[in-house]
Amino acid sequence: MNQLTIGDTNLEIIRKDIKNVHLSVHPPDGRVRLAVPAKMDEEAIRLFAISKLSWIKKQKAKFNNQDRQSPREFVSGESHYYLGSRYILNVIETSGKQHIELKNNKFINLHVRPNSTVEKRERIMTKWYREQLKEMIPKYIDKWQNVMGVQVNEWGVKLMKTKWGTCNIEANRIWINLELIKKNPRCIEYIIVHEMVHLLERNHNDRFNAYMDKFIPNWKGIRDELNDMIYESNKWSY
Ligand SMILES: [Zn+2]
């Protein structure tokens with residue numbers, strides 16, 4: 001059983017070598033994941049899920065509320081994130097070159113044409129974010145290639161909905177999620193290291209985790225920081 005449906009709620013069931021049931025609701029759309037002990041029987045899983053249905057619905061509703069708040073209009077006064085810090089957007093009209101500059105560690109000054117559309121403002125911001133991230137990545141790759149003794153042949157940045165990064169181990173190619181530019185640099189480095197460790201170990205197994213422990217001893221804390229959007233239940237015994 002990988003999938004369980006109760007009414008209009010779908011749960012992804014993952015059997016693992018764990019003692020307790022672990023329930024979580026994930027962004028961006030409220031995907032529900034239930035990790036259960038390998039030997040837990042299906043009826044017990046179903047009963048557990050039913051008992052947590054109102055909790056699940058409450059968490060999913062939070063995502064819906066956030067979605068309603070989250071569309072950015074790219075107007076002055078709005079909050080935008082860069083390298084883990086919150087900045088206030090200033091929209092400044094210009095007939096010169098459209099560009100972005102940071103001011104006093106507090107403001108993102110967006111210089112655009114008068115009456116520019118939201119889409120245009122967003123495009124300028126996205127382009128700038130992409131340039132900043134692309135500037136940061138090579139130094140991390142160089143550093144960790146030396147430490148790990150692996151070779152990254154190709155890398156790129158793209159916007160991804162559900163992953164912070166990916167690694168194609170046949171091509172030695174990694175992709176980094178553009179959204180990471182909004183996070184602390186240690187998160188960016190952690191994801192690059194994670195993807196590069198896949199060049200040493202394909203799977204997320206003990207060997208993989210041992211490499212992570214060795215390279216970034218506090219990687220679990222950074223992972224939690226990155227996933228702070230995930231609503232997790234307590235670890236319930238059953
Ligand atoms: Zn991975």
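**Exercise 1. Find which residues have the most contacts inside the largest nonpolar core, and which element gives the most to this core.**

Solution. In this predicted model, the largest nonpolar core has 22 residues, and those with the most contacts inside it are I176, I191, I192 and M196. Two or more residues of this core come from each of α3 (118–148), β11 (173–177) and α4 (185–197), and α4 gives the most, with seven residues. Leaving aside neighbours within four places in sequence, I191 is in contact with W164, G165, I176 and L180. Apart from this core lies another, of ten residues, including L11, V21, V32 and I45.

**Exercise 2. Decide whether I181 is buried or exposed.**

Solution. The place to look is the loop between β11 and α4, where I181 is found. A residue is buried if 20 or more other C-beta atoms lie within 10 Å of its own; I181 therefore counts as buried, because it has 24 C-beta neighbours inside 10 Å. Once its neighbours within four places in sequence are left aside, I181 is in contact with Y82, Y129, Q132 and L133.

**Exercise 3. Work out how β10 and β11 are joined, and which way the side chains of β10 point.**

Solution. The two strands run antiparallel and are joined by four bridges; in one of the pairings, T166 has W175 in β11 as its bridge partner. β10 and β11 form a hairpin with four residues between them, and N172 in the turn has a positive phi of about 50 degrees.

Terms used: Residues numbered from 1 in each chain as written. Predicted model: local features only at pLDDT ≥ 70, side-chain atom pairs only at ≥ 80, totals over all residues. Core = buried A, V, L, I, M, F, W, Y, C linked by C-beta atoms within 7 Å. Buried ≥ 20, exposed ≤ 12 C-beta atoms within 10 Å, placed from the backbone. Contact = placed C-beta atoms within 7 Å. Pairing = 2+ DSSP bridges.
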